[in-house]
Amino acid sequence: MNAHQHAGAAARLEVHVEQKSFSSATGERIDVLRDLHFDVPENRFACIFGPSGCGKTTILRILMGLDGDYGGSVRLPNWPDPRVGAVFQEPTLLPWRSVEQNIRLALPGHRKDANLDLLLEILGLDHLRSFYPGELSLGLARRVAIARALAIEPDVLLLDEPFVSLDQALAQQLRNLLLSVWSERPTTALMVTHDLDEAIMLSDRIIVLSPRPAKVVGVFDITVPRRERDEKARDDLRRSFRKQFLAPEPGS
Amino acid sequence: MMAEEKPLGRPLGRSMGEQAAAPIWMVLLSFAALLVAWQLGATLWPTRSFPPPLLVWQTFLGEMASGDLPYHLAITLWRVAASFLLAMIIGAAIGIFLGMHRRADQFFNPWLILFLNIPALVIIVLAYIWFGLNEAAAIGAVALNKIPNVAVTMREGARALDPRYAEMASVYRFGGFDRFRHILMPQLQPYIAAASRSGISLIWKIVLVVELMGRSNGVGFQINLFFQLFDVAAILAYTLAFVAVMLSIELMVVQPLERTSTRWRRRAA
């Protein structure tokens, strides 16, 4: 219907940021991004991996259209009218609207009455439709945020560390949920993370950033299908990733 | 669900002035005690200028039967409503604008302080002198007295707006109406409630003064009349009737509205 009809070039995500800086209150300029170029092929899941504070969130904000003050250009799938499914670092649900209203409000006009049953069922939210966000735990609120991003059938999915500050077991459960919903209807996706295991588990491509001002150190493509990424495959991937980009794992 | 998941913090504070309401029997008992004290005082110190409750009640019934009280009450009520709406809309527009534009706020803040400190009486007198003894001047003068207060409260509200919700709305392409109804209004709701609360009680007091000075009907006009006749029972009858009307508006309109719009807040733990 949308992204799938376009040729590969139209559905890829391309980022060319020459320069992005912030001015501090005292007038000092800090370069956050410089000569940052990467792309994500159609319907692939990519992770931006980099040290904390290197400007990962800034890249997402540029892609979401929330920050237009940069040099360069970005191209989202289905340009010039991309539908963006965003999962922010905080769930950012409207506290005064129920779970279902929160999701429906984000739906584009022609899908306002879309059937959400399947999505809510997969995410284990179907019995929580009428709850208010204040009545949910952080993990559940994150699930609603993910449901909202996927319910709009986005052309591109942008996720900003959606599993941060959850305990490992819960985060892992949510990652699996995200993968299962995303696989139902794959879209071009870009997720920011500083968790290598998470990146290895989820992505087709890991884009490795340098410390500030961030540029791309390298791209790590993973060709092993996700189902086959068992404990051992992940270990191998982690090892070859570290060999390529980081100091060897301590003790190995 | 995992038991160890922590609940989210409440995103906004409780609405201002919200507190546990006293049980209804307490309210009734309190009024009854006041009535007894009044009766006692009037018995111990019998004078025409301090009538007992029963006489006030009889006066009230008489004024009701003659149709005078309902007529003047309705006129005053309409003026209160008109100036309240005017003050809320203009004050909110100014306040939200100033809250969102820091430069404009810095420039206009002294004006706001000036208007906050002009006595109500001066505004009323000037309005009547400049615009004549007419309905528009009366309502305008009352609204003008209230606008700075509303603006100051709503400015606080606009400053407290959470940009994350606006950003979410922009990424998900909310329409203008959805933004207003689902993003802006719910965040401003506690401030609107606070401004209306203090607004309505201030406004009806000023409306009486406006009526007393330049109108030929309304509760304020009647009270002036009874003042010249030294008819304290009638003054009290009109006052209490009006207070009762305002109280029922508060109980039957304002509070239910507030309950509906804040039902999403977590019940106090």
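In this predicted model, helices α7(B) and α8(B) pack against each other at an angle of about 175°, and their axes lie 11 Å apart. Because angles over 145 degrees count as roughly antiparallel, α7(B) is roughly antiparallel to α8(B). As background, a pair of packed helices is described by the angle and the distance between their axes.

Which residues bring α7(B) and α8(B) together? On the α7(B) side they are B:Y165, B:A166, B:M168, B:A169 and B:S170, and these meet B:R179, B:I183 and B:Q187 of α8(B).

**The chain around the pair**

Let us step back to chain B as a whole. Chain B has 10 helices and 0 strands, so the order of its elements from the N terminus reads α-α-α-α-α-α-α-α-α-α. Its C-alpha trace spans about 70 × 55 × 30 Å along the principal axes.

**Where chain B meets chain A**

The contact between the chains draws 28 residues from chain B and 37 residues from chain A. About 2900 Å² of area is buried between chain B and chain A, and carbon and sulfur atoms give 62% of it. There are also 7 residue pairs in polar contact between chain B and chain A, with both residues at pLDDT 80 or more.

Here the helix pair from the opening returns: α7 (163-171) and α8 (176-214) of chain B are the elements that give two or more residues to the side of chain B that touches chain A. The residues on that side divide into 14 nonpolar, 3 polar and 11 charged.

**Salt bridges between the chains**

How many salt bridges cross the interface of chain B and chain A? The rule finds 3 there, while the count over all chains comes to 29 salt bridges. In general, side chains of opposite charge can pair when their charged atoms come close. Two of the bridges that link chain A and chain B are set out here:

| Residue in chain A | Residue in chain B | N to O distance |
|---|---|---|
| A:D81 | B:R173 | 3.3 Å |
| A:E90 | B:R164 | 3.1 Å |

Take the bridge between B:R164 and A:E90. B:R164 lies in helix α7 of chain B and A:E90 in the loop between β5 (84-87) and α3 (99-106) of chain A, so the pair joins two chains.

Technical notes: Residues numbered from 1 in each chain as written. Chains lettered and ligands numbered in written order. Heavy atoms only, no water. Contact = heavy atoms within 4.5 Å. Buried area = accessible area lost by both parts, 1.4 Å probe. Salt bridge = Lys/Arg side-chain N within 4 Å of Asp/Glu carboxyl O. Polar contact = N/O pair within 3.5 Å; in protein donor to acceptor, adjacent residues only side chain to side chain. Helix = DSSP H or I, 4+ residues; strand = E, 2+ residues; numbered from the N terminus. Nonpolar A, V, L, I, M, F, W, Y, C, P; charged D, E, K, R; others polar. Axes fitted to C-alpha atoms, helices over the stretch in contact; angles between N-to-C directions. Parallel < 35°, antiparallel > 145°, perpendicular 65-115°, else oblique.
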